[in-house]
Every structure is written in C-alpha cells, then in structure tokens.
Number of protein chains: 2
Amino acid sequence: MSKSLIVLGPAETVLCCPPLTVQPLSQDQADQVAPLLRALADPVRLRLMSLVASHPGGEACVCDLNSAFDLSQPTISHHLKVLYDAGLLDRNKRGIWVYYRARAEQLASLGALIGYTAASV
Amino acid sequence: MSKSLIVLGPAETVLCCPPLTVQPLSQDQADQVAPLLRALADPVRLRLMSLVASHPGGEACVCDLNSAFDLSQPTISHHLKVLYDAGLLDRNKRGIWVYYRARAEQLASLGALIGYTAASV
DNA sequence: CATAGGCATTCACAGCTGTCAATATAGATA
DNA sequence: TATCTATATTGACAGCTGTGAATGCCTATG
C-alpha cells in the first residue's frame, strides 16, 4: 500500500502504485506504467532484457547481444533504445563498446505491481 | 529455477520460466510470455485488470466496468476480450450480466518472471 | 591526418492496434 | 412471439510498431 518513488528514464521521476490486486489504478498511474510494459511486451526485447539482466556482472556488451539474434544490428539497436527510453536499461560506453545494465529496481517494481504474491503457482 | 506449469487461455497450456534476472529466456519462452505482457501493456487494459482484480469478491460485472471509462461499450468489450484471450481474465455469464474474474496465478507468474526480488525499492 | 570498426540514426514500408458506428446475439420478460 | 437490455462482433480507418538498407557518428589505431 505504501507508495514508493522510483526513478524512470534518463532523468524522469514516477510515483508508482500498489499491486493490481489491491487497488484500481488511476488513469494517470496506468498511463505511467503501461509504457514500461509495452517496452517489455516484445519477444526480442524480453530476450534482450533477460540476456542483460542475467549476464555475469549484470552488464552485457552490445557486441554479445547482436550475435544472439537473427536480426540486423540496427534492429537490435532500436530495441535496446526502446528499453533504455522506458527506463529499464542503463547505458554505459567504454571505449568502442557500449554496455547495457538492467535496472533491477524497475523490474522489481513492475513485478510487484503485476503480481505480488508469496504463494507460488 | 523450478519450471511451473501454468494454464493459459481458454484451454491452452504454457511451460513458464525462471525470472528474467536468473537465466536468459529462450526464443520459445519469450514468444509465449510476450503476448501476456502485450495484453497488459495498455492503459485501459491495465485499469480494467486492476478494477477486476481489486473488486470485492474478485469479480466485476461488465456493467460496472463500462461506466468507469470514457470509451464506447464495444471498445471496452474489445479490451476485455484481449485480456480474456491472453488468459488473464476468466469469464462467467449469469443471466443477462457477464462477470470477469482475474486469474491471480497468471498475474503472480508474470510478476515473478519480471521482478522476483525481496528487496523493495 | 586517415582509416577501420562498433553502434546509433534516418528513411521507408508492411502489418498490427485502438477506436467507434453499426449490427448481431442471447437472455429476460411481457 | 415480440421486445427490451446487456454484451459481443464486424467493418473501417488513422496511427503506431518492427524490420532492414543506407548512412552517420564516435573512438581507437596506424
């Protein structure tokens, strides 16, 4: 029930909300949360997110990500940008290479919003 | 890490997956999960979902849902169908009225997949 | 400098999505 | 049966989305 302040995107701020099962979302809240889900709601971006999030060190180089897909480099770059703009990935350029890091707090917030239950399936 | 069998849609079955942060999703897994997120990734459907899920009794009548939006009845019906087809809502017709119920297990699975963390923000 | 490699951006296009008006369907009731 | 009410379906359309080809930008290294 306690509302938590989470950081969104390069410099945005969003006041988030209790779990779906606890209280109806306001239209404003829904308008803030939906873009995060939209960003995740694509098979390629889901795989990108899990590749980055589960990578040793919590970071993955784009060079590694490109090779995991049968898609063009611009397409992968586009998907990474969508995740970054949504505030789900951090970007970090070191030398020639660009590294992305998952924002665990954002994922945790989203997860708690959607299904906050101790009982497993 | 343990894979759990969850029920999807009117009669579908889906083998689900460990949290994004634990292990990369396979393409097949991503293809199965993405539609669920797509269904949720709309402000209207998010509000519909939370209205139903947080309704006393866990059930909500369409007649109540329509009045909560500034949208036409067919549009609400369309969004409910999307959530139903994705396996996130159950439908139940009693007399003239139709009641929808949230599938808590599905929401819990999705939530655990996205952000399974004890640490709050 | 100049060149090469890693990644982002632009442009273009087919396919999908949210919306409403019109219409259909199903159940209750007269 | 006829009619009314609640919900679903169909058809149409503007706007968005995922994709690749071509190109640009930055950084390291000759």
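Predicted model: local features only at pLDDT ≥ 70, side-chain atom pairs only at ≥ 80, totals over all residues.
Residues are numbered from 1 along each chain as its sequence is written, and chains are lettered from A and ligands numbered from 1 in the order in which they are written.

**Helix H4 of chain A**

- H4(A) runs over residues 73–86, 14 residues in total, and reaches 20 Å from its first C-alpha to its last. That is close to the 20 Å expected, where the expected span is 1.5 Å times one less than the number of residues.
- The buried residues of H4(A) are A:His79, A:Leu80 and A:Leu83. They lie on the same side of H4(A) because they cover an arc of only 100 degrees around the axis, the arc being that of the directions from the helix axis to the C-beta atoms.
- The cover over these buried residues includes helices H1 (27–40), H2 (43–53) and H3 (62–66) and strands E4 (89–94) and E5 (97–102) of chain A. Contact here requires C-beta atoms, placed from the backbone, within 7 Å.

**Chain A overall**

- Chain A has five helices and five strands, in the order β-β-α-α-β-α-α-β-β-α along the sequence. Helices (H or I, at least four residues) and strands (E, at least two) are DSSP runs, numbered from the N terminus.
- Chain A has 121 residues, of which 37% count as buried.
- Of the contacts in chain A between residues at least 6 apart in sequence, 53% join residues at least 24 apart.
- A:Pro18 sits in the loop between strand E2 (12–15) and H1 of chain A. A:Pro18 counts as partly exposed because it has 19 C-beta neighbours inside 10 Å.

**DNA strands**

- DNA strand C has 25 residues around it, and A:Pro74, A:Ser77, B:Ser72, B:Thr75 and B:Gly95 come nearest. A residue is near a strand if its C-beta atom, placed from the backbone, lies within 6 Å of it.
- H4(A) gives the most to the surface near DNA strand C, with six residues.
- DNA strand D is surrounded by 25 residues, the closest being A:Ser72, A:Thr75, B:Val62, B:Cys63 and B:Pro74.
- H4(B) gives the most to the surface near DNA strand D, with six residues.
- The surface near DNA strand D has 13 nonpolar, nine polar and three charged residues. Ala, Val, Leu, Ile, Met, Phe, Trp, Tyr, Cys and Pro count as nonpolar, Asp, Glu, Lys and Arg as charged, and the others, Gly among them, as polar.

**Chain contact and core**

- The contact takes 42 residues from chain A and 42 residues from chain B. H5(A) gives the most to the side of chain A that touches chain B, with nine residues.
- By class, that side of chain A has 26 nonpolar, 11 polar and five charged residues.
- The largest nonpolar core has 62 residues, and those with the most contacts inside it are A:Leu37, A:Met49, A:Val52, B:Leu37, B:Met49 and B:Val52. Such a core is a set of buried Ala, Val, Leu, Ile, Met, Phe, Trp, Tyr and Cys residues joined through C-beta atoms within 7 Å.

Methods: Buried ≥ 20, exposed ≤ 12 C-beta atoms within 10 Å, placed from the backbone. Contact = placed C-beta atoms within 7 Å.
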